[in-house]
Amino acid sequence: MNSLFQLIVRNGLEIKNYYSKLYVMVKEITQTPKSGEERVHIFGSKYSAKFKKLLEVSLRSSKLSATIVAAFLKVLSRITLCIESAETLWITGLIVNLIKKNPLCYKMIRNPKTEVEEKFIEEEDDPNKANALNSHLWELVPLLRHFDPSIRKVVQLLQTLEEIEFLELEQFVDITNPDLLALERNKFEESNTKINRVFGPYLKSVSYTHL
């Protein structure tokens, strides 16, 4: 599977509907489970780390249009509203990197002067037709008040995209909820070291004005 991703992302191999299928897979995480069913998704499975890496590589491709990237940004932002903190932390880091890499998507985080109608077509399974580039990432606004300070700080990085380096997502793909709790409680030096190694250069106290 890794080899297939390399052929698609780096060498431009065309696999019919590859990104559409990947988009649907990611979008399914935002769907509300049926009554009595538990929410089960790829980010909460034993394959989570591998999937994160492959997703990041796929979306990092220079061959992707801003339209497709915007669609993934929209559904990834929605996912942060319904999953655990450790997964939200990784996804917000990915969002920061994707917007930094795709300047056409900057407008998705600019604060509209007036209330605007949601233009994203949630029911559309083709990322090219979802009209996400003309929408606003309002889903990130609640994260500015997230109980976990690490998540709040990563979202704040969207204010200083031109000043920061790309986040090294591979370094914190294995960060867990206990790690985040340990950091907040300042009890375990190992967990603090893991978090600080990743975010140390970035986590400055800044005011957030874009969303």
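**The chain as a whole**

The model is predicted, and its chain contains 8 helices and 0 strands, so that reading from the N terminus the elements run α-α-α-α-α-α-α-α. Of the 211 residues in the chain, 48% are buried, while the chain exposes about 11900 Å², of which carbon and sulfur atoms supply 49%. Among the contacts with a separation of 6 or more, 74% are made by residues 24 or more positions apart.

Helix α3 has 12 residues, and the distance from its first C-alpha to its last is 16 Å, close to the 16 Å expected at 1.5 Å a residue. Because 9 of its 12 residues are buried, α3 is largely enclosed by the rest of the structure. The buried residues of α3 include Phe-51, Leu-54, Leu-55, Val-57 and Leu-59, and also the charged residues Lys-52 and Glu-56.

The largest nonpolar core has 50 residues, and those touching the most other members are Leu-55, Phe-72, Leu-73, Leu-76 and Ile-99. Helices α2, α3, α4, α5 and α6 each supply at least two residues of this core, and α4 gives the most, with 10 residues.

**Tyr-23 and the aromatic pairs**

Where in the chain is Tyr-23 found? Tyr-23 belongs to helix α2, and it counts as buried because its relative accessibility is 0%, where under 20% is needed. Although Tyr-23 and Val-75 are 52 residues apart in sequence, their C-alpha atoms are 8.4 Å apart in space. Beyond its neighbours within four places in sequence, Tyr-23 is in contact with Ala-71, Phe-72, Val-75, Phe-120, Glu-124, Asp-125, Pro-127 and Ala-130.

The count of aromatic pairs comes to 2. One of them joins Tyr-18 and Tyr-19 in an edge-to-face arrangement, with 4.8 Å from centre to centre and 80° between the planes; Tyr-18 is buried at 13% relative accessibility, and Tyr-19 is buried with a relative accessible area of 14%. The rings of Tyr-23 and Phe-72 also pair, and since their centres are 5.4 Å apart and their planes stand at 75°, this pair is edge-to-face. Tyr-23 in helix α2 and Phe-72 in helix α4 are 49 residues apart, so the pair links distant parts of the chain. Phe-72 is itself buried, with a relative accessible area of 0%.

**Salt bridges**

Side chains of opposite charge can pair when their charged atoms come close. How many salt bridges does the structure hold? The structure holds 8 salt bridges, and the table gives three of them with the distance between their nitrogen and oxygen atoms.

| Salt bridge | N to O distance |
|---|---|
| Lys-52 and Glu-87 | 2.7 Å |
| Lys-74 and Glu-139 | 3.1 Å |
| Arg-78 and Glu-122 | 3.3 Å |

Lys-52 forms a salt bridge with Glu-87. Because Lys-52 lies in helix α3 (residues 48-59) and Glu-87 in helix α5 (residues 85-101), the pair ties together parts that are 35 residues apart in sequence. Lys-52 and Glu-87 are both buried.

Lys-74 and Glu-139 form another salt bridge. This pair also links distant parts of the chain, with Lys-74 in helix α4 (residues 66-79) and Glu-139 in the loop between α5 and α6 (149-156), 65 residues apart. Here, too, Lys-74 and Glu-139 are buried.

The side chains of Arg-78 and Glu-122 meet in a salt bridge as well, and this pair links helix α4, which holds Arg-78, to the loop between α5 and α6, which holds Glu-122, across 44 residues. Finally, Lys-74, Arg-78, Glu-118, Glu-122 and Glu-139 are linked in a network of salt bridges.

Conventions
Residues numbered from 1 in each chain as written. Predicted model: local features only at pLDDT ≥ 70, side-chain atom pairs only at ≥ 80, totals over all residues. Heavy atoms only, no water. Salt bridge = Lys/Arg side-chain N within 4 Å of Asp/Glu carboxyl O. Helix = DSSP H or I, 4+ residues; strand = E, 2+ residues; numbered from the N terminus. Buried < 20%, exposed > 50% of the residue type's maximum accessible area, 1.4 Å probe, protein only. Expected span 1.5 Å × (residues − 1). Core = buried A, V, L, I, M, F, W, Y, C linked by side-chain atoms within 4.5 Å. Contact = heavy atoms within 4.5 Å. Areas by Shrake-Rupley, 256 points an atom, 1.4 Å probe, with all protein chains shown as cover. Phe/Tyr/Trp six-rings, centres within 6.5 Å; stacked < 30°, edge-to-face > 60°.
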